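Here's a friendly walk through one protein model, in questions and answers. Have a look at it first, then read on.

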Amino acid sequence: AGGAVCATATDLAKWQAALDSGRVLTPSSLALMRTPTTLADGTKIDYGLGTRLGSLDGHRVLGHAGGESRGGFRPLLESFPDDHLTIVILMNMGDAASPSPVVVTPEIARAALRLKKNALLNLPVPGAELAALSGKYDSDEGPVEIFARDGKLHFRIPGDKTEGVLRRQAENVYAINDNTEARFVMSGGRAEWSMVYIGGLLLDAKYRTR
């Protein structure tokens, strides 16, 4: 459901187990639910039918967060189906300094799966890539500006003082911090989408507006 679900962490873990075991959906329906969406222009987005998709250090992950602005709660359910691992976090909103579930979950996953966090790279940015990625992007989660300065790619959230440097990890792939990554989808020599992943899971798909 899109909201108004009353459950315990154990309830949600049992629900995930029921999905995985085929007690809720047929295998074909479950596979469709976990398949990236193909848009009319051919762009693939790591969002299935109500399921966010991605990978953490090569381990397939899927799940969904709850709306953090609703009801004073911050829930998150993530599953690593190939590793038989499910993580459920239910939190009160707390104060602004408290970590979000999407930040806590990858730390739990890495500990459970004995994964070592890779050090962030800071590769040189080709001039053509700076020009191709710079622009304004937007989604239901809000707008962001991507711009070049001093040979680096930067981001800025309009109306907010949030601004920072994007560290290049690979072609058209940039890290915002240890857990957050922006992957740009190219078309016709320029970026048309900025896909934002946190802990390997797609959290936002921002379409280029300018």
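Q: Is Arg-168 buried or exposed?
A: This is a predicted model, where local features need pLDDT of at least 70, side-chain atom pairs count only at pLDDT 80 or more, and totals for chains, interfaces and linings use all residues. Residues are numbered from 1 along each chain as its sequence is written, and side-chain values use heavy atoms, with hydrogens and water left out. Buried means under 20% relative accessible area, exposed over 50%, and partly exposed in between (1.4 Å probe, protein chains only). Arg-168 has a relative accessible area of 12%, so it is buried.

Q: Which strand does Arg-168 lie in?
A: Helices (H or I, at least four residues) and strands (E, at least two) are DSSP runs, numbered from the N terminus. By that numbering, Arg-168 lies in strand 10.

Q: Which residue meets Arg-168 in a salt bridge?
A: A salt bridge is a side-chain nitrogen of Lys or Arg within 4 Å of a carboxyl oxygen of Asp or Glu. For Arg-168, the N to O distance is 2.8 Å, and the partner is Glu-129.

Q: How many residues apart are Glu-129 and Arg-168?
A: Glu-129 counts as buried, because its relative accessibility is 7%. The pair links distant parts of the chain, with Glu-129 in helix 4 (residues 127-133) and Arg-168 in strand 10 (residues 163-170).

Q: How many salt bridges does the structure hold?
A: Another one joins Arg-34 to Asp-20, with the closest N and O atoms 2.8 Å apart. Arg-34 sits in the loop between helix 2 and strand 1, Asp-20 in helix 1, and they are 14 residues apart. There's also a network of salt bridges linking Asp-57, Glu-107, Arg-110 and Lys-117. The structure's count of salt bridges is 12.

Q: How far apart are the end C-alpha atoms of helix 3?
A: Helix 3 covers residues 101-113, which is 13 residues. The expected span is 1.5 Å times one less than the number of residues, so 18 Å should be the span here. The model agrees, with the end C-alpha atoms at 18 Å.

Q: Which residue with a positive phi follows helix 3?
A: Several residues of helix 3 are buried, among them Val-102, Thr-105, Ala-109 and Leu-113. What covers the buried ones includes strand 3, strand 4, strand 5, strand 6, strand 13 and strand 14. After the helix comes a residue whose phi is positive, near 60 degrees, and that's Arg-114.

Q: Why is strand 14 largely enclosed by the rest of the structure?
A: Strand 14 covers residues 201-208, 8 residues in all. It is largely enclosed because the number of its residues that are buried is 6.

Q: Which residue in the turn between strand 13 and strand 14 has a positive phi?
A: Two strands pair if DSSP finds at least two bridges between them. Strand 14 pairs with strand 7 in the antiparallel sense over 2 bridges, and 6 bridges join it to strand 13, also antiparallel. Strand 13 and strand 14 form a hairpin with 2 residues between them, and the one with a positive phi of about 60 degrees is Gly-199.

Definitions and conventions
Contact means heavy atoms within 4.5 Å.
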